[in-house]
Amino acid sequence: MRRVSAFSLDGRVALVTGAGRGLGFEIARGLARAGARVLVNGRDAGALDDAVARIRAEGGDAVSCAFDVACADAAAAAFERVAAAHGALDILVNNVGLRDRRPLFDFALDDVRRMLDVNLVAPFDLARRAAGAMIARGAGGRIVNVTSVITEVGKPGDAAYIAAKGGLASLTRALAAELGPHGINVNAVAPGFFATATNVGIAADPQTGPELARATSLGRWGRPDEIAGAVVFLASDAASYVTGETIAVDGGYLTRF
């Protein structure tokens, strides 16, 4: 009997936003290792070229896909290019996110709108575009949104980000309900504390770093590569009957809160 892994993504095309570095890169890398052709998105062409080269060096199939997710015209043009070069997407991972930690009263409304545009409106737009193509092809698909565990607990000085990512978590459930009849599964992963470049200052802080590590069941920060497994699962046939769910990849932070 020929063994075929339910986690295989052979022959599938995946777009991962914000994949030039950090968790987005590790997600792209994980999908490529599972067999997908990965379109690596971001705005920094140099970072994308480096990310693509690193994935290809491991034998993965990766292509640069540079555009600003918060610009509707740029997204529309990018989806046209993707359709022409690769056909309809099988997998969309809405990973890109904007973080701005400031006290409530320090935000101008334009700053809040920018947070919502990047973290919520852009994923809404991309999910709708991807879903439209998936429905037209009639073969279903997968959409995975990257939210955050912080939406479940709240935190001072992070209101705009928490509101935006909380909206994305709700959007995940709404899209799952609406797109399910078309064979499109929509789920989310909620990262906890990962030692990425974005968090290097917090992780290195002699008080906050160890304190956050102790707050998890595993007693440590996550390695960036540890995010990929949950996304590969949700993108694969192994998750064919999973939709509308959020998987916390947080080392057990929420279970101890």
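Colleague: Is helix H9 (residues 228–235) largely enclosed by the rest of the structure or exposed, and how many of its residues are buried?
Modeller: This is a predicted model. Buried means under 20% relative accessible area. Helix H9 is largely enclosed by the rest of the structure, because the buried count among its eight residues is six.

Colleague: Which residues of H9 are buried?
Modeller: H9 runs over residues 228–235. Its buried positions include Ala228 and Ala230.

Colleague: What covers the buried residues of H9?
Modeller: The cover includes one helix, H1 (22–33). Strands also take part. Among them are E4 (91–94), E5 (141–146), E6 (184–191) and E7 (246–249).

Colleague: How far apart are the end C-alpha atoms of helix H3 (residues 72–86)?
Modeller: H3 has 15 residues. At 1.5 Å a residue, H3 should span 21 Å. The distance in the model agrees with that: 20 Å.

Colleague: Which residues of H3 are buried, and within what arc do they fall?
Modeller: The buried residues are Ala75, Ala78, Phe79 and Val82. In an α-helix, residues three or four places apart point the same way, because there are 3.6 residues a turn. Viewed down the axis of H3, its buried residues line one face, so the arc is within 100 degrees.

Colleague: Which exposed residues sit on the face of H3 turned away from its buried side?
Modeller: Exposed means over 50% relative accessible area. On the face of H3 turned away from the buried side, the exposed residues are Asp73, Glu80 and Ala84.

Colleague: What covers the buried residues of H3?
Modeller: Strands are part of the cover, including E1 (13–16), E2 (37–42) and E3 (61–66). A helix is also included: H4 (109–137).

Colleague: Where is Leu126 found, and which residues does it touch?
Modeller: Leu126 is found in helix H4. Leu126 is buried, because its relative accessible area is 1%. Leaving out residues up to four places away in sequence, Leu126 touches Thr17, Phe67, Val69, Ala75, Phe79, Leu92 and Asn94.

Colleague: Is Ala19 buried or exposed?
Modeller: Ala19 lies in the loop between E1 and H1. Not counting residues up to four places away in sequence, its contacts include Gly24, Phe25 and Val40. The relative accessible area of Ala19 is 0%, so Ala19 is buried.

Colleague: What is the relative accessible area of Ala215?
Modeller: Ala215 sits in the loop between H8 and H9. Not counting residues up to four places away in sequence, Ala215 touches Gly252, Tyr253 and Arg256. Ala215 is partly exposed, and its relative accessible area is 24%.

Colleague: Which residues lie nearest the centre of the largest pocket?
Modeller: The largest pocket holds about 1,100 Å³ of space. Its lining has 43 residues. Nearest the centre are Asn95, Gly97, Leu98, Arg99 and Thr198.

Colleague: Which element gives the largest share of the lining of the largest pocket?
Modeller: Elements giving two or more residues are H1, E2, H4, helix H6 (159–179) and helix H8 (208–214). The largest share is three residues, and it comes from H1.

Colleague: How many residues in the lining of the largest pocket are charged?
Modeller: The lining includes 19 nonpolar residues. Another 15 are polar. The charged ones number nine.

Note on methods:
Residues numbered from 1 in each chain as written. Predicted model: local features only at pLDDT ≥ 70, side-chain atom pairs only at ≥ 80, totals over all residues. Heavy atoms only, no water. Helix = DSSP H or I, 4+ residues; strand = E, 2+ residues; numbered from the N terminus. Expected span 1.5 Å × (residues − 1). Buried < 20%, exposed > 50% of the residue type's maximum accessible area, 1.4 Å probe, protein only. Arc of directions from axis to C-beta. Contact = heavy atoms within 4.5 Å. 1 Å grid on protein atoms, 1.4 Å probe; cavity = no way out; pocket = protein on both sides within 12 Å on 5 of 7 lines; lining within 4 Å. Points joined across faces, edges and corners; volume = space filled by probe spheres on them. Nonpolar A, V, L, I, M, F, W, Y, C, P; charged D, E, K, R; others polar.
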